[in-house]
Amino acid sequence: MIKRIGIRMMPWLAGAALTVLAGCAAAQPANKSDSSGKLATFSDMESEDPAVQLDLLKHQMLQTEQKVIGLSFQLEHGRDAKMQMVRFPSGKQLIPGYVFTKPDMAPEARLPAVVLVHGGFHEHLDIEWFPLIVEMVKRGYVVMWPEYRGSQGYGETIYKNDYGTTDIADVLAASAYIAGKSFVDPARLAVVGESRGGMLTLLAIQQEPDRFKAAVDIVGLTDFVAYMAYKPEYRRQQIAKENPGFGGKLPDTNLAAYMKVSPINHVDKIKTPLLVLATTG
């Protein structure tokens, strides 16, 4: 349901986002690492354990799906936008992502760029984002799409979630990566995100308030304490257990951890011009 609504609303959202951005234009191996980046374990690709086999099969299927999505973009929109898969450094990890540019971009170009951040619980680049990406490229923007840790389709290491910690680190690393490209003007960098991506957009302009020229938050998650209050119990438990920063605990026993990653508690740090698109519900 959410995806169908997203597809119908994407042209409207694209128009609103591009309006505010006009000012700016003037598969990893299944490894596990500890917090220091040191290799802790390596999945046995030949294991006969059914649980291990099932996990490997799941990630293989997700990686295949992601390759099909990438191929679909190139087949449908290759004449309008060049798509390049990249891996950029974030701490001691290499994070997958995509850079979208005009196919006929001039060698001397210095273009504005948009870091476009997806939302969801293990979401990824998907077809509903194609119209917005293509429209941004047509209007002269370079688009950087980070598949931050928590995204699916790139193996176990990238799949692992840690809300407000590794995901925002990867988004900021993607911003630094694209700003360093010779064809990008680092003084004209924007960030746009939806849902969890909206949360990361807000955290990005709070943690690095001088990096971005403009920002668009589309139905962003702003208050993690409230979020955990209305989610069904299975998702509450899933989020608490999957995210190392929450330590397997719910807000009633680990309130500080949830408040720390809630953008609503850090609005005083925002200096970037910001458009918020949200419902009253």
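These are my notes on what I looked up in this predicted model.

**Entry 1: confidence**

The mean pLDDT of the protein is 86, and 82% of the residues reach at least 70. I keep both stretches out of the entries below.

**Entry 2: overall counts**

I counted nine helices and nine strands in the protein. Of its 281 residues, 49% count as buried. The exposed surface comes to about 13600 Å², and 56% of that is supplied by carbon and sulfur atoms.

**Entry 3: the sheet**

I traced the strand order next. Seven strands form an open sheet in the order β3-β4-β6-β5-β7-β8-β9, and the pairing is mixed. I found β3 and β9 (274-277) at the edges, each pairing on one side only. On average, neighbouring strands of this sheet are turned by 20 degrees against each other, direction ignored.

I looked at two pairs in detail. Strand β3 (residues 82-90) runs antiparallel to strand β4 (residues 93-101), with nine bridges between them. In this pair, I found Met85 opposite Tyr98 of β4. The hairpin of β3 and β4 has two residues between the strands, and Gly91 there has a positive phi near 65 degrees.

The other pair is parallel: strand β5 (residues 111-117) joins strand β6 (residues 142-146) over three bridges. I noted that Ala113 has Val142 in β6 as its bridge partner.

Which strands does α5 lie across? I found the helix across β3, β4, β5, β6 and β7 (184-194), and its direction is at about 120 degrees to β3.

I then turned to the largest nonpolar core, which has 69 residues; Phe100, Leu116, Leu125, Ile178 and Phe224 touch the most other members. Helix α5 (residues 166-179) gives the most to this core, seven residues.

Apart from neighbours within four places in sequence, Ile178 is in contact with Val99, Ala113, Val115, Val142, Met144, Val184 and Leu189.

**Entry 4: helix α3**

I checked burial along helix α3 (residues 130-138). Phe130, Leu132, Ile133, Val134, Met136 and Val137 are buried there. After α3 comes Gly140, with a positive phi near 100 degrees.

Most residues other than glycine have a negative phi.

His122 is not a glycine, yet its phi is positive, about 65 degrees. I placed His122 in the loop between β5 and α3. Is His122 buried or exposed? Its relative accessible area is 4%, which is under the 20% limit, so His122 is buried.

Ser195 has a positive phi as well, near 60 degrees. I found Ser195 in the loop between β7 and α6 (196-207). Its relative accessibility is 32%, between the limits of 20% and 50%, so Ser195 counts as partly exposed.

I looked up Leu71 in helix α2 (residues 50-77). Leu71 is partly exposed, because its relative accessible area of 48% falls between 20% and 50%. From Leu71 to Met83 there are 12 residues along the chain, and their C-alpha atoms are separated by 9.7 Å.

The other residue was Met259, in helix α9 (residues 255-260). With a relative accessible area of 37%, Met259 is also partly exposed. What is Met259 in contact with, leaving aside neighbours within four places in sequence? I found Val225, Asn265 and His266. Met259 and Asp223 are 36 residues apart in sequence, while their C-alpha atoms are 7.5 Å apart in space.

Definitions and conventions
Residues numbered from 1 in each chain as written. Predicted model: local features only at pLDDT ≥ 70, side-chain atom pairs only at ≥ 80, totals over all residues. Heavy atoms only, no water. Core = buried A, V, L, I, M, F, W, Y, C linked by side-chain atoms within 4.5 Å. Buried < 20%, exposed > 50% of the residue type's maximum accessible area, 1.4 Å probe, protein only. Helix = DSSP H or I, 4+ residues; strand = E, 2+ residues; numbered from the N terminus. Contact = heavy atoms within 4.5 Å. Areas by Shrake-Rupley, 256 points an atom, 1.4 Å probe, with all protein chains shown as cover. Pairing = 2+ DSSP bridges. pLDDT = per-residue confidence, 0-100. Axes fitted to C-alpha atoms, helices over the stretch in contact; angles between N-to-C directions.
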